[in-house]
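Here is a quick tour of one protein model, written for someone who would rather look at a site than read a table. Keep the viewer open as you go.

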Amino acid sequence: MTPNETLVLGLETSCDETAVAFLDGAGRTRASRVASQEEAHRRFGGVVPEIAARAHVQNLPFLLDAALADAGATLADVTAVAATAGPGLVGALLVGLSEGKGLALGLGVPFVPVNHIEGHALSPFLDGERGSAAPVPETFAALVVSGGHTHIFGFAGRRIERLARTRDDAAGEAFDKVAKMAGLGYPGGPAVDRLARRGHAARPFPIPHFKDGSSDFSFSGLKTAARERLVELGRVFARGAAGGPALREEDAPQALCDLLADVEEAIVAQLLHRLSRLQEAGRFGVLTVSGGVAANTLVRERVPAWGRARGVDVRVAPRALTGDNAVMVAFAGLRRLLSGRLGEGLGAVARSRWPLETVE
Ligand code: KG4
Ligand code: ZN
């Protein structure tokens with residue numbers, strides 16, 4: 001490495017993934033390591049904050065060593081450190097944030113606190129094949145769909161506006177809850193995706209509307225309606241042994257696959273309905289789609305197709321970067337470094353809530 005070459009270290013510990021990445025000044029991924037804690041949380045059917053924080057403490061040093069080796073770099077090559085400061089589980093966030101601040105202080109390089117949702121929103125500009133990042137336009141909209149978020153933001157220069165949010169469950173939560181009721185284990189999104197491919201959507205669920213005319217999302221009604229249909233099928237399970245699936249995917253009956261196809265259709269239909277409303281109001285010409293649910297097969301087909309029909313340039317995150325990762329954190333950090341917006345720098349605190357629209 002030449003001495004002046006930019007090398008940003010990214011750290012992500014907001015939830016149940018420990019992640020470390022290195023990104024160069026052109027937005028090329030030099031290393032990306034993610035340790036999933038899925039196994040540790042599975043028997044509880046959800047993420048246990050205390051377990052998550054401890055696992056981050058255990059995993060982080062090993063991931064950092066491995067990522068340094070992957071990048072062929074040493075800590076002395078690092079020119080800036082970016083770490084997720086929120087939103088997320090405070091105990092979990094503190095692990096990466098403290099590590100990042102300590103490293104930046106020790107190395108004498110800038111520290112950039114990153115908003116996790118900004119990381120997701122920018123991830124579609126990254127190249128999944130480790131090429132340079134695409135230029136980020138001045139204005140664009142971002143649909144962030146994950147287990148904790150279903151939001152649409154408008155980015156305009158330095159301003160970020162929230163255009164829509166979920167009033168209850170997130171889209172990923174809807175996938176997970178339906179999967180859990182069907183006995184498919186946790187997290188259920190990928191299982192629903194696979195089984196829906198074997199199903200035929202035939203009985204559409206209604207798209208919810210708010211009387212105040214807002215473009216906000218709601219997925220709790222879908223969860224209840226899906227539960228009723230599962231009861232009809234005689235298939236509401238609690239949990240399998242040790243939290244594992246009560247139902248093996250290969251044993252899923254056709255009627256269940258059909259129902260899951262209807263659930264997936266309903267989620268995508270609502271996303272497209274809200275996007276259409278905002279686009280008709282002239283809110284954007286470029287749209288990024290990111291977060292765990294952006295890995296969903298139907299989302300990856302339908303949102304770009306919708307964009308082609310409406311003349312919207314839709315960028316879906318590379319599949320490998322849909323889930324939580326540190327490449328997106330390093331990239332958000334790099335952009336802030338380049339524009340001289342380091343936020344609170346070393347003074348940043350871990351925030352369980354940190355609305356993106358409040359970030360400059
Ligand atoms: O972004 P992410 O890894 O974590 C959060 O920040 O929430 O998103 C995880 C969510 C989970 O709800 C998971 O079930 C969902 O993304 N998910 C999917 C798929 N892959 C992950 N949902 C539907 N289809 C998928 N293929
Ligand atoms: Zn996330």
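## The zinc site

Keep in mind that this is a predicted model. Start at the zinc ion (ligand 2): its protein donors are H116 (NE2), H120 (NE2) and D324 (OD), which sit 2.1 to 2.2 Å from it. Along the chain, these donors follow the spacing H-x3-H-x203-D. That pattern brings distant parts of the chain together, since H116 belongs to helix α4 (residues 116–122), while D324 lies 208 residues away in the loop between β10 (313–316) and α10 (327–338).

What is the arrangement of the four donor atoms around the zinc ion (ligand 2)? It is irregular, because the angles they subtend run from 90 to 143°, and a tetrahedral call needs all angles between 85 and 135 degrees. For reference, the ideal angle for four tetrahedral donors is 109.5 degrees.

Are H116 and D324 buried or exposed? With the cut-off for buried set at under 20% relative accessible area, H116 qualifies at 6%. D324 has a value of 17%, so this residue is buried too.

Searching the whole structure turns up two cavities of 30 Å³ or more. To find it in your viewer, select the lining: E118, L122, F155, G157, R158, I160, R335, R341 and E360.

What kinds of residues make up that lining? Five are charged, three are nonpolar and one is polar.

## Two backbone spots

Next, look at the peptide bond joining G86 and P87, which is cis, with omega at about -15°. P87 itself is placed in the loop between β4 (80–86) and α3 (90–107).

The other spot is R130, in the loop between α4 and β6 (139–145). Its phi is near 70°, a positive value in a residue other than glycine. How accessible is R130? R130 has a relative accessibility of 42%, so it counts as partly exposed.

Terms used: Residues numbered from 1 in each chain as written. Chains lettered and ligands numbered in written order. Predicted model: local features only at pLDDT ≥ 70, side-chain atom pairs only at ≥ 80, totals over all residues. Heavy atoms only, no water. 1 Å grid on protein atoms, 1.4 Å probe; cavity = no way out; pocket = protein on both sides within 12 Å on 5 of 7 lines; lining within 4 Å. Points joined across faces, edges and corners; volume = space filled by probe spheres on them. Nonpolar A, V, L, I, M, F, W, Y, C, P; charged D, E, K, R; others polar. Donors = N, O, S within 2.8 Å, 3.2 Å for Na, K, Ca; no water. Tetrahedral: all angles 85-135°; square planar, octahedral: opposite > 155°, others 65-115°. Helix = DSSP H or I, 4+ residues; strand = E, 2+ residues; numbered from the N terminus. Buried < 20%, exposed > 50% of the residue type's maximum accessible area, 1.4 Å probe, protein only.
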